[in-house]
Amino acid sequence: MPATALRCRICETEFPLDPIGVCARCFGPLEPVYDREEQRRTVSRESIAAGPPSLWRYAQLLPVAPPAEQRLPPGFTPLVSAPRLATAVGVRELWLKLDTANPTHSFKDRVVAVACAKALELGRTTLSCSSTGNLANAVAARAAAEGMEAAVLVPADLEPEKLIATAVYGATIFAVQGSYDDCSRLSVELSFELDWAFVNVGLRAYYAEGSKTLAFEIAEQLGWELPDAVVAPIASGAMFSKVHRGFGELLELGLVEGTTPRLVGGQAEGCSPVARAFHDGGRVKPVRPNTIARSLAIGSPADGDLAVATANASRGTIHAVAENEIADNIKLLAETTGVFGETAPGVSLGALREAVRRGELGEDDRVVLLVTGDGLKTPALVADRLDPVLVEADADLILERLGVSV
């Protein structure tokens with residue numbers, strides 16, 4: 001395992017590879033440090049291709065050793081061409097990264113798998129998190145696969161589909177009378193009292209690294225070429241920044257050539273502190289979420305400022321998407337590609353359309369859109385599309401309705 005330490009992003013103090021949530025010196029976020037020379041010696045396109053068809057093919061680029069028995073492994077999800085949607089939005093080439101193919105149908109399976117590997121190494125028996133829904137699903141499923149207990153904190157008014165898809169695995173659900181930010185605060189407080197593996201608190205430094213595998217897979221699946229831009233939703237900001245980091249690591253290790261793709265981020269207008277900070281040129285200020293995009297409803301994003309810095313460093317952008325456009329974007333994605341995404345991909349597609357409208361992306365660009373969650377988790381948003389034609393069990397009557405003479 002090439003990871004050697006955890007380092008504070010702010011003051012650069014280093015710590016051992018333990019379950020440490022924040023820097024003890026300045027309370028800054030921690031990130032793994034890698035032995036790049038060791039990685040250059042051991043990691044190649046060939047060694048990656050020889051690995052399993054999951055995110056563990058990139059084990060030498062992650063901060064944990066893969067489990068001895070890889071149960072329910074996520075990752076290496078399809079990257080599919082979307083020519084009809086490319087024409088509709090106005091880009092040369094558009095690819096969809098379908099993380100709906102993960103075990104619980106969202107990209108959260110990636111980050112949980114990495115965090116859980118560390119939890120197992122530490123001998124923890126309960127996997128836990130605060131969540132807007134998808135993470136709770138992933139934690140519950142991963143715990144079930146590994147024979148662990150699961151306990152999650154979610155807003156009490158979460159979509160019932162996501163609650164059911166957590167409960168079915170046997171997880172204990174704490175339905176908090178409050179927002180996701182309240183759940184997050186409780187997770188931090190409880191992490192000091194309970195010997196649970198809180199994936200997005202004490203194990204956050206490991207958890208966040210799982211998002212890099214999206215970048216690794218995109219490059220490999222494009223024949224070790226880099227796209228011009230990647231479009232992603234922003235909630236906490238961690239995934240957005242780690243995808244950028246992943247492309248940078250591939251360049252640093254000589255596995256690809258070129259420049260890092262532009263990162264285009266999307267937030268729902270009703271919870272857009274990162275988009276606002278990007279356009280105002282200031283720091284992220286917390287907001288009270290009021291959005292239909294519940295999976296992105298984090299009013300105080302832990303990595304919001306880093307997401308702004310990522311957009312700037314990659315020559316990208318971040319856009320807020322109007323609430324009344326999200327469902328329309330979900331429908332456009334489905335009607336042109338056959339892919340049913342949840343609200344987060346609806347927001348991402350809205351950000352892509354806005355970037356094209358502003359001339360930030362266009363007909364010269366090869367773009368990858370991250371489809372981070374399945375539409376079956378939030379079907380009520382497009383229920384207006386349900387308008388069946390009620391008919392009797394008579395073929396002649398159907399033909400008559402279609403205007404076909406019999």
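Predicted model: local features only at pLDDT ≥ 70, side-chain atom pairs only at ≥ 80, totals over all residues.
By class, the lining of the largest cavity is made of 8 nonpolar, 1 polar and 3 charged residues.

**Stop 1: the cavity.** Select W56, P67, Q70, R71, L72, P73, P74, A113, C116, A117, R142 and E146, which form the lining. The space inside is about 50 Å³. How many cavities of 30 Å³ or more does the structure hold? It holds 1. Now colour the helices α4 and α5: each supplies at least two residues of the lining. The largest share, 3 residues, comes from α4.

**Stop 2: R142.** Select R142, one of the lining residues, in helix α5 (residues 134–146). Is R142 buried or exposed? Its relative accessibility is 6%, and buried means under 20%, so R142 counts as buried. Beyond four places away in sequence, R142 touches R71, L72, P73, P74, V112, A113, C116 and L127.

**Stop 3: W56.** Select W56, also in the lining.

**Stop 4: the largest nonpolar core.** This core has 42 residues, of which W56, L127, V139 and V199 touch the most other members. β1 (3–8), β3 (30–34), α4 (108–121), β6 (126–130), α5, β7 (149–155) and α8 (204–207) each supply at least two of its residues. α4 gives the most, with 8 residues.

Technical notes. Residues numbered from 1 in each chain as written. Heavy atoms only, no water. Helix = DSSP H or I, 4+ residues; strand = E, 2+ residues; numbered from the N terminus. Buried < 20%, exposed > 50% of the residue type's maximum accessible area, 1.4 Å probe, protein only. Contact = heavy atoms within 4.5 Å. Core = buried A, V, L, I, M, F, W, Y, C linked by side-chain atoms within 4.5 Å. 1 Å grid on protein atoms, 1.4 Å probe; cavity = no way out; pocket = protein on both sides within 12 Å on 5 of 7 lines; lining within 4 Å. Points joined across faces, edges and corners; volume = space filled by probe spheres on them. Nonpolar A, V, L, I, M, F, W, Y, C, P; charged D, E, K, R; others polar.
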